[in-house]
Amino acid sequence: MIIETAHLVLRPITRDDAAALVDLDSDPAVMRYVSGGRPTPRTMIEDWVIPRAIAEMSTRRGVGMFAAMDRHRGGFLGWFSLRAPRHSSRAELELTYRLRREAWGYGLATEGSRALVQVAFDRLATDRLFAGTMAVNAPSRRVMEKSGMRLAALHQADDTAIDGYERGEVEYEILRSQWETADFPWARLARAAAHLSA
């Protein structure tokens with residue numbers, strides 16, 4: 001599945017994306033609220049992250065990790081994903097995303113997230129979509145809110161290396177009943193403009 005939005009092309013991650021993923025995760029600012037700034041080892045990306053993404057996408061079309069490419073200039077901007085929680089029997093998916101620092105502040109995280117919210121509810125049998133971040137990560141929380149999610153839970157954070165761990169983690173969600181009954185003006189416009197292909 002390839003998803004096109006106004007500024008992005010989201011396409012499945014491949015093994016050829018390893019260098020771009022390593023570079024992304026080597027930026028301490030990008031990893032600040034993920035690992036306390038520590039980079040993800042190349043071996044983890046090559047031996048676990050990419051194989052898992054490929055396996056998820058091959059098992060269920062639309063679930064997995066998408067490389068976010070600049071629609072107009074080309075180039076890797078980051079990634080978005082829909083992941084099925086491993087220990088859940090519910091029809092739910094987790095939305096996650098990570099963008100290069102140069103792509104921050106242009107609304108791209110919201111644009112990509114909204115596209116996957118639509119895929120989750122319009123194309124997949126999803127009853128609940130959720131996303132989480134550190135409570136102090138205000139920009140990421142705004143993305144979740146602009147994507148139609150509501151604050152659902154606060155969890156204790158265990159990684160003391162992450163800034164603001166003492167404030168905990170937040171979890172946002174959107175339920176199918178909310179998607180079907182609430183008004184999402186951006187969704188109507190995006191449905192008309194978005195292009196999805198197999």
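How do strand E1 (residues 2–4) and strand E2 (residues 8–12) pair, and over how many bridges? Select both: E1 and E2 pair in the antiparallel sense, over two bridges. Pairing here requires that DSSP finds at least two bridges between two strands. Strands (E, at least two residues) and helices (H or I, at least four) are DSSP runs, numbered from the N terminus.

This is a predicted model, where local features need pLDDT of at least 70, side-chain atom pairs count only at pLDDT 80 or more, and totals for chains, interfaces and linings use all residues. Residues are numbered from 1 along each chain as its sequence is written, and side-chain values use heavy atoms, with hydrogens and water left out.

**Stop 1: the hairpin and its neighbor**

Stay on E1 and E2. They form a hairpin with three residues between them. Pick Glu4: its bridge partner in E2 is Val9. E2 pairs with E3 in the antiparallel sense, over five bridges. Click Leu8 to find Asp70 of E3 opposite.

**Stop 2: helix H4**

Select residues 108–123, helix H4. Its end C-alpha atoms are 22 Å apart, which agrees with the 22 Å that 16 residues should span at 1.5 Å a residue. That expected span is 1.5 Å times one less than the number of residues. Because 13 of its 16 residues are buried, H4 is largely enclosed by the rest of the structure. Buried means under 20% relative accessible area, exposed over 50%, and partly exposed in between (1.4 Å probe, protein chains only).

**Stop 3: the cores**

A nonpolar core is a set of buried Ala, Val, Leu, Ile, Met, Phe, Trp, Tyr and Cys residues joined through side-chain atoms within 4.5 Å. The largest one has 36 residues. Color Leu10, Leu82, Leu116, Leu129 and Met149, which have the most contacts inside it. H4 gives this core its largest share, eight residues. Zoom in on Leu116. Leaving aside residues up to four places away in sequence, Leu116 touches Ile3, Leu10, Phe66, Phe80, Ser81, Leu82 and Leu95. Contact means heavy atoms within 4.5 Å. Another core, of 17 residues, lies apart from the largest one; Val9, Val22, Ala53 and Met69 are among its members.

**Stop 4: the whole chain**

Zoom out. The chain has seven helices and nine strands. Its C-alpha atoms fill a box of roughly 40 × 35 × 35 Å, taken along the principal axes. Of its 198 residues, 48% are buried.
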